[in-house]
Amino acid sequence: MPTEVIMPKVDMDMATGTLAVWHVAEGEAVKKGAALFDIETDKAAMEVEAPASGILRQILAQPGQVVAVGSPVAYLYAEGEAVVALPAETPSAAPAVVAVAAPAAAPAAPAATPSQTVAQVANGAADLRATPVARRLAREAGLALSNLLGSGPRGRIQRADVETALARREAAALAASAPVFAPAVQAAPDEWTAQPGDLHVTTRKGTGTPLVLIHGFAADSTGWMALERALPRDLPLIRIDLPSHGRSPLRRLSGFADLAKTVVQVFDRVAEGPVHLLGHSLGGAVALAVSDIRPRQVKTLSLLSPAGLGPEIDGAALNGIARASTADSLAPWLKRLTARPDGISHDYAKAAMLARIDPDLRAAQQEWAQVLFPDGVQAFDLTAALERVTAPTLMIWGRDDRILPWKQALAAPGEVALHLLRGVGHVPHMEDPDTVAALLGRHMK
Amino acid sequence: MNAQTQITEVTPSGETREMSYAEAIRDAMAIALDRDPTVVLMGEDIGTYGGAFQVTLDLIDRYGPDRVMDTPISELGGAGVAVGAALTGLKPIFEFQFSDFAALAMEQIVNQAAKLRYMLGGEAAVPVVFRMPAGSGTGAAAQHSQSFEAWFGHVPGLKVVQPSTPEDAKGLLLAALADPDPVIVFEHKLLYKMKGQVPTGYYTTPIGKAAIRRTGSDVTIVASAIMVHRALEAAAKLAEEGIEVEVIDLRSVRPIDRDTIIASVKKTGKLLCVYEGVRTLGVGAEISALIAESEAFDYLDAPIQRLGGAEAPIPYNPDLERAAVPQKADIETVARRLAKGEV
């Protein structure tokens, strides 16, 4: 019985993946755990390991092809094992290539080969907007545009977006060859140096009042991707990477007020006129503080599982995430973020670890965790600020949040709209982006 | 058949001299009159009066009325005489007082001058040059301010040039005269007083070759005549913001220098066409189309943008007149948005 090789789910909001390259040729032998092929996600290029030892046969997905998560991409046979014919009729036999374009155009034309379908998929999403040069560069690099978010007007993918994705893929490939995933890795150093420079801000152009996004602790702006997809395409976005997070410089922190002050400075720079403001977790606390300090600049406030409304917090998970230096040590803590433990796969943890590859960044975040959440307690209290906020405020919390208990939402005054989502944990914008987007849409109207 | 002519060479000295755009044109005409006895100047009031914009000035005193001829107030008649003279061996430079008045002479320019070489199987040539003061900005209103480059550029058999500097004004006029076929030279009225270094002696600036006036990597602006200068001013301002604009001076509308434009757009990925003629169906449409059809298409990182004249006659009111054609601030705004990926 051959072993099926499938497209893994490495990203919480991942429905498809792009096969980037095979490391093993058809007919070659491969050992279990060896690199078998690379896939690309929005966040990183990932190496996928062989699930078993054997000979690689029946490659179903070619480089550049977009394949649905869980679909087979090839089979591994034992030495000398007879090759079985692929059951042509079962839909799982051929990779479930996602034909985004013109769904009615070619319903399962029997002669459609994978490469034909690829051409359809590659850059053909009906509402995908990309400049000619972005399309060409993606085509040349075997990158699927459907996996990218555009920074241009109405989400148009531009040259810079493709180049960023390619640079990320390259960096990830480099990092993947570094011993990060090996069992023994050096722990984050105690010493790290604060860096100069402004906080990293990215924007998506659009029409109307922009939505400013502030991510949570140990996350970064790429975490908004699933929600961004669910939001209207022409909604302008301004994403702020907190200091010591994402692509912002590393900064020492004396306390929450220090953090709030830093973000207000950036907010003043990027927000021209009143904006919609959204924050998650620690970013929710920051958004709340910004609304308190700049009441006239905030049109509406939306808080996803915000910090600062009670003492309890899962300090062990925060410290664990900040400290983890391998995907293996990161994965168990990440699983606490979602309501469903299968929301986080090992491959997802690998991708998340890639984003935290810089030991100085991890050291800085560990220090932050001590400053903001000493002894596993939220050392700052924003309930008074919540009382004072004048902007219409929306709060969304998962009922299965294991990091911040949803009961802290009850600290809110009566004017605040509260939505408690069932079957959702600490990251509602990733676990149920459609509902969150719908609630935000109504709130911002 | 054209008579053989005797040409006295005036060798280029390698020196330059500062002169205005108008002086450079006059210098070109004087050199042409000196070196080639078949060259004659024709036009309304170009003799004693010195020309509507004082470009011919004193040439009648220097070369006499046989070579600097005032023609009656009939553009069709004058242009007809010039075309006939060219057919029979002379090399006339015919000046229109305003390019707008060329509308009165379309038959001679479009149906005769441009066609005869083809219709007579190459047995005839019409080496005439039409000088046309063009453009707005002088408060001369709707019938004296137009930009007709695209009109004439649409006619096979004609060549159309638009010098933007004193050096090119001289070099392109001498190149037009050296060309065996009819050439239209659009001179921008606002440039007549512009000063610049001009090589002394005889030289030509090749027709059909654009000039890169400023190199840059972020946005390509293709402009002509006065718009080149506005684009350069905008580019200097944008450079302070870290935006590097490449400014191409088109110089020649027909033939158009595809290679230079394509190479630049392949480099920058962003194109802004700036021209004074009415935006719709103008020179910018041709440039946009040639890029969209070329290998540069796959390098575009933003929609092509055009800044052209308003869809209206040029107004008399000075504020409205300014608003009717692209200004430095307009160019700056669009180029900035292009560079920032906001278009």
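## Ground rules

Since the model is predicted, local features need pLDDT of at least 70 and side-chain atom pairs count only at pLDDT 80 or more, while totals for chains, interfaces and linings use all residues. Residues are numbered from 1 along each chain as its sequence is written, chains are lettered from A and ligands numbered from 1 in the order in which they are written, and side-chain values use heavy atoms, with hydrogens and water left out.

## Where chain A meets chain B

Chain A puts 12 residues into the contact and chain B puts in 11, with contact meaning heavy atoms within 4.5 Å. About 900 Å² is buried between the two chains, and carbon and sulfur atoms give 47% of that. Buried area here is the accessible area (1.4 Å probe) that two parts lose on being put together, summed over both. On the chain A side, A:Pro132, A:Arg136 and A:Lys205 supply 45% of the area that chain A buries against chain B, more than any other three residues.

What about specific pairings? The rule turns up 1 salt bridge across this interface, a salt bridge being a side-chain nitrogen of Lys or Arg within 4 Å of a carboxyl oxygen of Asp or Glu. The partners are A:Arg139 and B:Asp298, whose closest N and O atoms are 3.8 Å apart. Two elements of chain A, α2 (132–141) and α3 (159–177), each give two or more residues to the side that touches chain B, and α2(A) has the largest share, 4 residues. Helices (H or I, at least four residues) and strands (E, at least two) are DSSP runs, numbered from the N terminus. By residue type, the chain A side divides into 4 nonpolar, 3 polar and 5 charged; Ala, Val, Leu, Ile, Met, Phe, Trp, Tyr, Cys and Pro count as nonpolar, Asp, Glu, Lys and Arg as charged, and the others, Gly among them, as polar.

## Cores and a covered helix

The largest nonpolar core has 67 residues, and A:Phe256 and A:Leu282 touch the most other members. Helix α5 (residues 256–270) of chain A gives the most to this core, with 8 residues. A nonpolar core is a set of buried Ala, Val, Leu, Ile, Met, Phe, Trp, Tyr and Cys residues joined through side-chain atoms within 4.5 Å. Buried means under 20% relative accessible area, exposed over 50%, partly exposed in between (1.4 Å probe, protein chains only). Leaving aside neighbours within four places in sequence, the contacts of A:Leu282 include A:Phe256, A:Leu259, A:Trp368 and A:Phe380. Another core, of 58 residues, lies apart from it, with B:Ile25, B:Ala28, B:Leu59 and B:Val228 among its members.

Helix α9 (residues 346–354) of chain A is mostly covered, with 8 of its 9 residues buried. Among them are A:Asp347 and A:Lys350.

## Salt bridges within the chains

Over all chains, the search finds 28 salt bridges. In chain A, A:Arg294 pairs with A:Asp268 at 2.8 Å between the closest N and O atoms. A:Arg294 sits in the loop between α6 (282–293) and β13 (298–304) and A:Asp268 in helix α5, so the pair ties together parts that are 26 residues apart in sequence. A:Arg294 is partly exposed at 29% relative accessibility, and A:Asp268 is partly exposed at 38%.

In chain B, B:Glu187 and B:Arg131 come to 2.6 Å between their closest N and O atoms. Their pairing links strand β7 (residues 183–188) with strand β5 (residues 129–134), 56 residues apart, and both residues are buried. B:Lys209 and B:Asp257 meet at 3.2 Å, N to O, in another salt bridge. Here B:Lys209 is partly exposed at 39% relative accessibility, whereas B:Asp257 is buried at 7%.

The peptide bond from B:Arg254 to B:Pro255 is cis, with omega near -5°, and B:Pro255 lies in the loop between β12 and α9 of chain B. A:Ala218 has a positive phi of about 65° although it is not a glycine.
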